[in-house]
Amino acid sequence: GEIGNSPRSYQPTSVFQASYIQSLPRHQRLRFISTRSTLPAAVVVSSRRRLFEYCDMADGEKESPAAPTSYDEAMEALSSLITKRSRGNNSNKGNQFDLLFHYLKILELEDALDDLKIVHVAGTKGKGSTCTFTESILRNCGFRTGLFTSPHLIDVRERFRLDGVDISQEKFLAYFWWCFNRLKTTCFTLILYHIHAAEFGRYGQERTTEDVPMPPLFRFLTLLAFKIFSAEQVHKYWFHLQHCLSCLSSETQLNWDLICYSFFVQVDVAILEVGLGGRFDATNVVQKPVVCGIASLGYDHIEILGDTLGKIAGEKAGILKRGIPAFTVQQPEEAMCVLEDKASNLNVDLQVVPPLDVNLLNGQKLGLEGEHQYVNAGLAIALSFTWLKRTGHLELANQDHTDSLPEQFIKGLTAASFQGRAQIVPDQYVDSEKDGDLVFYLDGAHSPESMEICAKWFSGAVKGEHQSDKAKPQVSSSTHQLKKNIMQILLFNCMTVRDPELLLPQLMKTCASQDVYFKKALFAPNMSVYHKVGTHALPSAVPEADLSWQLTLQRVWDNTMQKDKGREAKQVNHVAEEMKDDTGKGGGSLESSSVVFPSLPLAIKWLRDTVRQNQSVRLQVLVTGSLHLVGDVLKLIRK
């Protein structure tokens, strides 16, 4: 196509003609390439032949954006974008960040992104919860919402929520294939151009075939979120228009896409959670957010963001934009100084918001469990009020929220839900005399600070349940009732880049301070594999799992237990004689302090068998250390 006479004159938007060429009948492609190209004749002939080969190949592969396609096929295509690189390499530190702007051009999202009314949130702990609260508040205020979070626990569609619900599989496939094929076609055409530029020497001095690769996984998912939020239909007349157009002649329907697009309206608000860091995160391609937020900061991803709170804060502050209001919560002094300095340089009015006063909820509870959620809720309220004010919805924005909250805000805060964060799930597949004999407490904590918060939540939850059981009246029965021995079990795994010497002692110490002690710790590898996305990412069996990391975790746990035997002696759990025998393959008895399982399904089986075979036992299982572990457990217990 019209590429130009030198690499310097090349503009990415011109390569959209590749899609047009592919849509032509084969006999018309030659005439188009020959008449439109300004490249030397030899390049045209060679390019024409190779483009023929590609277009013929793509004819059999490329689906129309709305064409039905297998979800597994989409997951295979998505998995092809996983780079399999280490987390601390240059690509995670901003290398080729500017490519995101080229991708926006290819997908024609530049103007659409500027038009989106975005709330952008970074942080180490609580950014996902803050986004969830903000989305729920604004949705209950009557706005159409789009929420982008990461990672997903079970299905990748969890990352894209429209009006509080995961995007449907049908819509996901339509948007996914449109973006994937558009990028794949365009990137191939650019590479083809560079191949010929290098072959003929005239154009190959400044570019290589690696200049325009397909975006890696998270960048692609971020671009997909922009496409979904900017194109999702909300106009009520669209449904009538769709019916009318279906009755038109085939010639008239050629303009279907153009007509449909004119009736597409964006979501009212898009809430974006930063994936990692901030400055070079894919979401930071956003240049005009309505408001920005920075949740609690701590040590995480230090191999990428830096090994001090100041460095980490500097990366998180990268989402701040000149003149755009921003909010944060109380931070450690080192981090706060950096945030304030960055904000001052950008003329940003950075305000520190206090935690939500529980009295403002009128006796109701937050939808997300844990005392720390009042900090995230306070930040979400400030972000929501500022979004309403800056978008002209003054009827709600002008209310004084220091003494009371609008009903819509209270409903949003109390109705919010977020999987894998302080989540309690009773096991439904245990045949015991009473429901609740096996309960999973799931939290994806994976840093020392979040582990402390997780431990406080778990301790409060299990102690609250114990008090509630004691308060219940005893029901007499002709049969002997066994008193339930409530025991806390830890199911743990973490990534190898984490330091278990910081995580496990913190967890044990915090729980012990609340008089909660684990009877046994279970360690098992995750089921999810990092080079696959989708249901096929869960292998049905792990014949020869590498358990070296789990054995390391077990040693850390056992050593921590040995360092303070006094705490261990405080445990008052009585074990019935039948519990002293092995109750599951590889599990041993409840008397041993820890065990490594070769697979997660075997760990779950051991827990279920223990409850089935010991009627006097009730197990409360804390699942933590990794969101991937939490997601895998949810998949297993919901099967």
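Buried means under 20% relative accessible area, exposed over 50%, and partly exposed in between, with a 1.4 Å probe and protein chains only. By that rule arginine 618 is buried, at 4% relative accessibility. This is a predicted model: local features need pLDDT of at least 70, side-chain atom pairs count only at pLDDT 80 or more, and totals for chains, interfaces and linings use all residues. Residues are numbered from 1 along each chain as its sequence is written, and side-chain values use heavy atoms, leaving out hydrogens and water.

**Salt bridges**

- A salt bridge puts a side-chain nitrogen of Lys or Arg within 4 Å of a carboxyl oxygen of Asp or Glu. The count is 16.
- Arginine 618 pairs with aspartate 437, with closest N and O atoms 3.6 Å apart. The partners are 181 residues apart, linking strand β14 (617-624) to the loop between β9 (423-426) and β10 (438-442). Strands are DSSP E runs of at least two residues, helices H or I runs of at least four, numbered from the N terminus. Aspartate 437 is buried too, at 2%.
- Arginine 161 bridges to aspartate 166 at 3.4 Å. Arginine 161 is buried at 18%; aspartate 166 is partly exposed at 31%.
- Lys605, Asp609 and Arg612 form a salt-bridge network.

**Nonpolar cores**

- A nonpolar core joins buried Ala, Val, Leu, Ile, Met, Phe, Trp, Tyr and Cys residues through side-chain atoms within 4.5 Å.
- The largest has 50 residues; Leu78, Phe172, Phe176, Phe220 and Phe229 touch the most other members. Helix α9 gives the most, with 10 residues.
- Another core, apart from it, has 40 residues, including Val121 and Leu388.
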